[in-house]
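Student: I am new to this structure. Please show me how to read it.

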Amino acid sequence: MKRIFSGAQPTGNVHLGNYLGALRNWVALQHEYESIFCIVNLHAITLPQDPKLLARKTRELARIYLAVGIDPQVSTIFIQSDVPEHAELTWILNCTARLSELERMTQFKEKARKQRENVGVGLFDYPVLMAADILLYNTDLVPVGEDQKQHLELTRDLAVRFNRDYGETFRVPEPYIPKVGARIMSLSDPTKKMSKSDDDPNGCVMLLDDAETIRRKLKRAVTDSGTEIRFDETRPAITNLLTIYRLMTGQEPAEIEAHFAGAGYAKLKQDIADVTIEFLQPLQERVRSISDEDLDRILEQGRQKARSIAGPVLNDVRERLGLVGAHTQE
């Protein structure tokens with residue numbers, strides 16, 4: 001089986017866009033590919049974090065992985081900082097990466113513009129850590145959104161360059177981009193991707209929001225001019241809402257448009273709220289039902305599996321570089 005690797009940061013709250021654009025696909029993909037899913041807490045600290053909150057959110061995200069349907073008997077689930085090979089390979093790849101490559105990264109430029117003189121080296125180096133995450137596991141496919149494609153291209157470039165200079169070592173990964181739902185937009189601004197860092201809290205429905213909050217946020221969702229409810233790229237707000245409904249129900253566009261024929265926007269928002277609440281309530285119950293003991297066991301199992309794959313890859317890298325004293329995997 002080909003291998004997939006992906007991860008999410010344990011910062012903020014996981015929202016509907018995260019589920020429909022990523023987690024939902026991970027659940028399906030785990031039955032088609034050998035799947036490794038990481039909680040990338042080292043990426044999280046490229047920006048200042050409250051330590052206690054970060055620790056709590058890391059475990060909460062692990063619970064959400066399990067609650068949405070990622071099966072630890074099928075997939076590997078682990079916390080990035082539990083596998084030290086990620087940090088070591090990042091340093092090695094730093095010695096392969098070019099400064100000019102990292103300066104071209106769009107996400108860095110956008111985030112640096114907000115922070116100005118307080119930009120950390122970790123934020124600049126974020127794509128190299130992402131490359132290490134992927135290359136450590138001989139990854140074939142990486143589920144990525146459009147905003148991460150540039151980072152994956154860098155990963156591919158670093159793998160090809162290292163292989164050229166030191167011999168065939170890394171597998172060169174390919175992107176996996178789902179055709180529908182890869183980019184869910186903000187409810188308050190359909191020109192922007194739904195994001196946990198959105199300044200407007202009404203822009204995202206969080207997976208752990210209660211029913212009242214979900215209804216309120218969807219009721220306030222912006223719409224386009226006109227009254228017809230149909231998929232139309234020139235009307236991004238309505239198309240975004242219909243895409244959410246399509247992904248939550250599994251219905252086809254023609255069926256959805258027929259359902260809402262003659263209806264108003266209030267009906268559309270009410271129906272989306274209904275299907276969202278119906279989906280999220282059992283998910284939230286599953287999150288609450290996972291004990292600390294079960295979570296610890298699953299994460300330790302994932303750590304051991306991850307290191308059993310990453311260790312030999314890193315040892316091969318050390319040997320090719322002439323780094324003496326390469327130790328065997330524990």
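Tutor: Start with two strands: E1 (residues 3–8) and E2 (residues 34–39) run parallel and are joined by 6 bridges. Strands pair if DSSP finds at least two bridges between them. Strands (E, at least two residues) and helices (H or I, at least four) are DSSP runs, numbered from the N terminus. Ile4 has Ser35 of E2 as its bridge partner. From E1 the chain passes through helix H1 (residues 16–29) to E2, a right-handed β-α-β crossover. Right-handed means that, with the strands pointing away from the viewer, the path from the first strand over the helix to the second runs clockwise.

Student: What kind of model is this, and how are residues numbered?

Tutor: The model is predicted: local features need pLDDT of at least 70, side-chain atom pairs count only at pLDDT 80 or more, and totals for chains, interfaces and linings use all residues. Residues are numbered from 1 along each chain as its sequence is written, and side-chain values use heavy atoms, without hydrogens and water.

Student: Is Gln284 buried or exposed?

Tutor: Buried means under 20% relative accessible area, exposed over 50%, partly exposed in between (1.4 Å probe, protein chains only). Gln284 has 9%, so Gln284 is buried. Gln284 lies in helix H12 (residues 265–289).

Student: Which residues is Gln284 in contact with, leaving aside neighbours within four places in sequence?

Tutor: Contact means heavy atoms within 4.5 Å. With those neighbours left aside, Gln284 is in contact with Leu207, Leu208 and Asp209.

Student: Where is Arg220 found?

Tutor: Arg220 sits in the loop between helix H9 (211–219) and helix H10 (236–249). Its relative accessible area is 51%, so Arg220 is exposed.
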